[in-house]
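I opened a notebook page for this structure. The entries below follow the order in which I looked things up.

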Number of protein chains: 2
Amino acid sequence: MDIDYSVYLVTDQFDYSQEEFLKIIEEAIIGGTTIVQLREKKSSTRDFYNLALKVKQITDKYDVPLIINDRLDIAQAVDSAGVHLGQDDMPCKVAREILGEDKIIGISAENYADAKQGELDGANYLGIGAIVATSTKTDCSVISREDLELVKENINIPRVAIGGVKEHNTRELINDYSFDGVAIVSAIMLADNPNTASENFSKLVKE
Amino acid sequence: MDIDYSVYLVTDQFDYSQEEFLKIIEEAIIGGTTIVQLREKKSSTRDFYNLALKVKQITDKYDVPLIINDRLDIAQAVDSAGVHLGQDDMPCKVAREILGEDKIIGISAENYADAKQGELDGANYLGIGAIVATSTKTDCSVISREDLELVKENINIPRVAIGGVKEHNTRELINDYSFDGVAIVSAIMLADNPNTASENFSKLVKE
């Protein structure tokens, strides 16, 4: 699996209509988003499934991997590239047994211990954060700079920075902590122009 | 699959501690509950998974099938006997593709059309109701007597009555509408003695 994690869009419906929401995802991909995580914490299974089918049509069109947050059943139902699991979601090893070796499993890590455990459990990549305090995911604590250093020195799987990543701190994260990419929620989903925002992140990561 | 649907317990944690909750399930099985559906609408995936593992230890001990409400991923993770799917959950045919032929799939039907569709889609059994208005599941409308007659005449898979089933109306449901069993939430979970309550339902269904 050769995945480009550089601009990793994590969706949030905010107050958008479904049409607007899907349009933003497509614009973001055109602008340079390389991977999309669909995150729906309040939908019924049926609504999540139907939305995932629609998002998958877009990601397939541009050959960008779709990752489903939390729900292995939705991932299987739409044949997504993989899942992203928080520490309150399915344990990584159980997910691997269900999904098999061909699916991507990402794990959220708030500290170095979580990150190391995720690597040991066979995760394909890690979402590391929150980098700074953020309003879109209030249950995440901010990772210490010491732990970011430990992750940089001791973790050998791809990792994306998540939580409070903006254009102004992206270069620092890539340069100082060797992240493979940045995971973005509001800085793309709420951008005046999601296409341009993605393009800017893409340049900042790849420069 | 030769399943005894006669006393079908649908769990609800109400205000119980986990210890009390598990004790009630075990007492209910000892009293005559023949099948258990674990229904958790508010838990995180991790909590649901951990609870399902504990409930499965009990159902396995007494060789009673465990059904997981809504979540195919939890069902796969704990290797439950099957899933129960509402009309807002995964479509039956998609669930069958994921779970295969060996797992039980039950479908909720609020009317005859839902019931017929469930049978056509390959459900193993149907949960039909609400029979009368109920406080434990407020999103369910009451099925008409005409539809109960249509279900009785035209549906050929097992079906359980759900929603407002109590000891006083169980005989009528079995005699008049040929249900294979009754699905019970509060009349067992909130009973002074879940063991005796299950025993009473078992007698009423099997008499």
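I began with pairing: two strands count as paired if DSSP finds at least two bridges between them. Strands (E, at least two residues) and helices (H or I, at least four) are DSSP runs, numbered from the N terminus.

Ground rules. The model is predicted, and local features need pLDDT of at least 70, side-chain atom pairs count only at pLDDT 80 or more, and totals for chains, interfaces and linings use all residues; side-chain values use heavy atoms, with hydrogens and water left out. Residues are numbered from 1 along each chain as its sequence is written, while chains are lettered from A and ligands numbered from 1 in the order in which they are written.

Entry: barrel of chain A. I find a closed barrel of eight strands in chain A, in the order β1-β2-β3-β4-β5-β6-β7-β8, with parallel pairing. Ignoring direction, neighbouring strands of this sheet are turned by 25° against each other on average. For angles in general, axes are lines fitted to C-alpha atoms, for helices over the stretch in contact, and the values run from 0 to 180 degrees between N-to-C directions. I looked up one pair: β1(A) and β2 (residues 35–38) of chain A are parallel and share three bridges. Tyr8(A) faces Ile35(A) in β2(A).

Entry: barrel of chain B. Chain B also holds a closed barrel of eight strands, β1-β2-β3-β4-β5-β6-β7-β8, paired in parallel. Its twist averages 25° from one strand to the next. Between β4 (residues 82–85) and β5 (residues 104–109) of chain B I note four bridges and a parallel run; His84(B) has Gly106(B) as its bridge partner in β5(B). Three bridges link β6(B) to β7 (residues 159–162) of chain B, again parallel, with Gly127(B) partnered by Val160(B). From β7(B) to β8(B) there are three bridges, also parallel, and here Val160(B) stands opposite Gly181(B). Helix α9 (residues 194–206) of chain B lies across β1 (7–10) and β8 (181–184) of chain B, at about 155° to β8(B).

Entry: cavity. I searched the whole structure and got one cavity of 30 Å³ or more. On a 1 Å grid over the protein atoms alone, a cavity is a set of points where a 1.4 Å probe fits but cannot get out, and lining residues have an atom within 4 Å of a point. Grid points are joined across faces, edges and corners, and the volume is the space filled by probe spheres set on the points. The largest cavity comes to about 30 Å³. Its lining consists of Tyr8(A), Gln37(A), His84(A), Gly127(A), Val160(A), Ile162(A) and Ala183(A). By class that is four nonpolar, three polar and no charged residues. Here Ala, Val, Leu, Ile, Met, Phe, Trp, Tyr, Cys and Pro count as nonpolar, Asp, Glu, Lys and Arg as charged, and the others, Gly among them, as polar.

Entry: backbone exceptions. Most residues other than glycine have a negative phi, and most peptide bonds are trans. Phe14(A), not a glycine, has a positive phi of about 40°; Phe14(A) sits in the loop between β1 (7–10) and α1 (18–31) of chain A. Gly129(A) and Ala130(A) are joined by a cis peptide bond, omega about 5°. In chain B the bond from Gly129(B) to Ala130(B) is cis too, with omega near 10°.

Entry: symmetry. Chain A superposes on chain B by a rotation of 180° with 0.0 Å of shift along its axis (RMSD 0.0 Å). The two copies are therefore related as by a two-fold rotation axis. Asp73(A) comes closest to the axis of the residues of chain A, at 2.5 Å (C-alpha).

Definitions and conventions
On a 1 Å grid over the protein atoms alone, a cavity is a set of points where a 1.4 Å probe fits but cannot get out, and a pocket is an open set with protein on both sides within 12 Å along at least five of seven lines; lining residues have an atom within 4 Å of a point. Contact means heavy atoms within 4.5 Å. Copies are superposed by least squares on the C-alpha atoms of residues with pLDDT of at least 70 in both.
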